[in-house]
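Me: I've got a model open and I'd like to talk it through. Can you take my questions as they come?

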Amino acid sequence: MPSWTTATLEADRWETPTARTLVLSVPGWAGHRPGQHVDVQLRAEDGYTAERSYSIASASGPDRLELTVQLAPGGEVSPYLVQEFRPGDRVRVRGPLGGWFVWRTADPDPVVLVGGGSGVVPLASMVRERRRTGGRALFRILYSLRSPDDRYYAGDLGAASDPGVDVFLAYTRSAPPGSVRGAKRLSVADLNTHGFPAEFTPLCYVCGPTGFVETVADGLIALGHDPRRIRTERYGSGGGR
Amino acid sequence: MNLITRGFHGRRGGDPARIPPGQYEAHDFPVLSVGPTPRVDTDDWAFTVTTETGTAHSWTWDEFLGLAQERPHVDIHCVTRWSKLDTDWVGVSVDTLLADVESTADYAVAHSYGGYTTNLPLEDLTDGQAWIVHTFDGEPLAAEHGGPARLLVPHLYFWKSAKWVKGLTLTPGDEPGFWEQAGYHDYGDPWREQRYRGD
């Protein structure tokens with residue numbers, strides 16, 4: 001269905017020393033639903049191609065989209081996109097893809113977003129789309145990250161411009177000085193304190209590495225959330241994204 | 001259109017006879033699921049084949065393990081672009097499960113604990129092409145990979161190999177399953193790169 005189209009790097013932002021947001025100019029791009037992804041195709045001079053899927057980070061809009069790519073050492077595609085790809089360089093993209101791990105802006109239900117590491121990317125798209133459309137659904141974000149240096153979208157996610165969006169940062173290896181919680185893995189207690197009660201029947205979106213998603217989804221179920229209200233996206237450890 | 005990505009060289013090395021177009025070889029076993037992992041106790045597990053007339057054939061876990069066991073050694077291909085070569089499984093051929101089933105259906109829907117469904121032509125499940133497997137690499141199949149038992153249809157993209165499978169419903173017509181309704185291809189042949197509807 002979706003056909004391949006040319007995407008040109010227009011600008012970039014470093015989120016961390018190993019994660020780069022690519023602002024792509026894609027003439028004819030019609031927008032997306034937050035949570036969706038695109039396929040990206042790179043072609044070498046001899047015709048060899050490599051394709052990977054990346055979550056979209058930006059709000060929906062015409063003719064451009066943003067991806068955030070985390071460097072996977074030893075990977076085939078992410079080292080190129082993070083370290084080599086320069087403004088004016090081109091890839092091909094097709095999409096938007098995926099119809100399940102998607103937030104509908106018209107849905108008034110409260111939302112719990114749980115992201116581990118680069119799993120925060122599609123969740124950022126949901127927050128940005130909520131902002132763009134003036135959404136009123138209440139969001140609570142739990143963002144699990146190793147240290148303050150690993151934080152994506154520091155100036156944007158949880159900005160004061162998003163009333164009704166709460167952001168909880170769960171540091172797993174090192175926390176900022178003075179942190180009461182300290183550094184530890186995201187726990188069921190964290191989900192209980194910083195999510196919504198199951199009685200509110202929130203929609204829950206969980207994205208991250210497989211082990212993280214398994215643990216969080218099991219924790220949400222233990223807290224009484226309906227498994228049918230929990231949508232997951234797992235990043236394989238195969239270096240795919 | 002042969003657009004070149006400046007400075008991209010890529011890494012060759014996959015065997016093109018075994019790695020379908022657009023795939024790369026993975027050496028671990030990534031996971032793709034849409035929701036939480038169902039935890040199914042084998043004491044509560046049953047597998048049921050339901051025909052188009054409503055006749056049901058069921059097996060408990062012990063009855064299932066008592067059927068003829070096969071050991072498929074196959075390559076698998078996930079639509080998220082990883083392929084894994086030389087995987088080893090133990091399970092029961094779908095041919096064995098259908099041996100005493102009377103049906104003229106042309107299609108099947110696989111149903112899973114947790115609500116997932118996927119549809120396949122019945123001819124893709126028979127003649128030694130599909131199994132219900134319970135063991136991977138010599139170990140009981142882990143829940144996150146679909147245990148206690150999953151469907152294994154290695155010649156199609158791996159979303160067709162439904163995890164936590166609990167039954168097959170035989171249907172006269174084609175009834176799109178979960179991903180098929182969500183925009184993925186109805187058939188899913190990795191060698192023809194049938195990822196999305198219309199590919």
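Me: What should I know before reading any values?
Reply: This is a predicted model, where local features need pLDDT of at least 70, side-chain atom pairs count only at pLDDT 80 or more, and totals for chains, interfaces and linings use all residues. Residues are numbered from 1 along each chain as its sequence is written, chains are lettered from A and ligands numbered from 1 in the order written, and side-chain values use heavy atoms, leaving out hydrogens and water.

Me: OK, what is the secondary structure of chain A?
Reply: Chain A has four helices and eleven strands. Those are DSSP runs numbered from the N terminus: helices are H or I with at least four residues, strands are E with at least two. The radius of gyration is 18 Å, close to the 18 Å from the globule rule for 241 residues, so chain A is as compact as a globular protein of that length. That radius is taken over C-alpha atoms, and the rule is 2.2 Å times the number of residues to the power 0.38.

Me: How much of chain A counts as buried?
Reply: 56% of its 241 residues. Buried means under 20% relative accessible area, exposed over 50%, and partly exposed in between, with a 1.4 Å probe and protein chains only.

Me: Switching to H2 of chain A. What span should that helix have?
Reply: Helix H2(A), residues 121-133, should span 18 Å for its 13 residues at 1.5 Å a residue, and its end C-alpha atoms are 19 Å apart, which agrees. The expected span is 1.5 Å times one less than the number of residues.

Me: And how many of its 13 residues are buried?
Reply: Ten, so H2(A) is largely enclosed by the rest of the structure. Among the buried ones are Arg128(A), Glu129(A) and Arg130(A). Just after the helix, Gly134(A) takes a positive phi of about 65°.

Me: What about H4, which residues are buried there?
Reply: In H4(A), they include Phe212(A), Val213(A), Val216(A) and Leu220(A), along with Glu214(A). An α-helix has 3.6 residues a turn, so residues three or four places apart point the same way.

Me: What covers the buried residues of H4(A)?
Reply: The cover includes helix H3 (188-194) and strands S7 (111-116), S8 (139-145), S10 (203-209) and S11 (230-235), all of chain A. Contact here means heavy atoms within 4.5 Å.

Me: Over to chain B. Is His77(B) buried or exposed?
Reply: His77(B) is buried, with a relative accessible area of 3%. His77(B) is found in strand S4 (residues 73-77) of chain B. Leaving out residues up to four places away in sequence, His77(B) touches residues including Arg18(B), Trp82(B), Tyr157(B) and Trp191(B). Leu156(B) is 79 residues from His77(B) in sequence, yet their C-alpha atoms are 7.4 Å apart.

Me: Where are the cis peptide bonds you've got?
Reply: One joins Gly95(A) and Pro96(A), with omega about 0°, and Pro96(A) lies in strand S6 (residues 90-97). Another joins Gly147(B) and Pro148(B), with omega about 15°. Pro148(B) lies in the loop between S9 (139-140) and S10 (150-152) of chain B.

Me: Which residue other than glycine has a positive phi?
Reply: Asp63(A), with phi near 70°, in the loop between S4 (49-55) and S5 (64-70) of chain A. At 39% relative accessibility, Asp63(A) counts as partly exposed. Asp137(B) also has a positive phi, about 50°, and counts as partly exposed at 48%.
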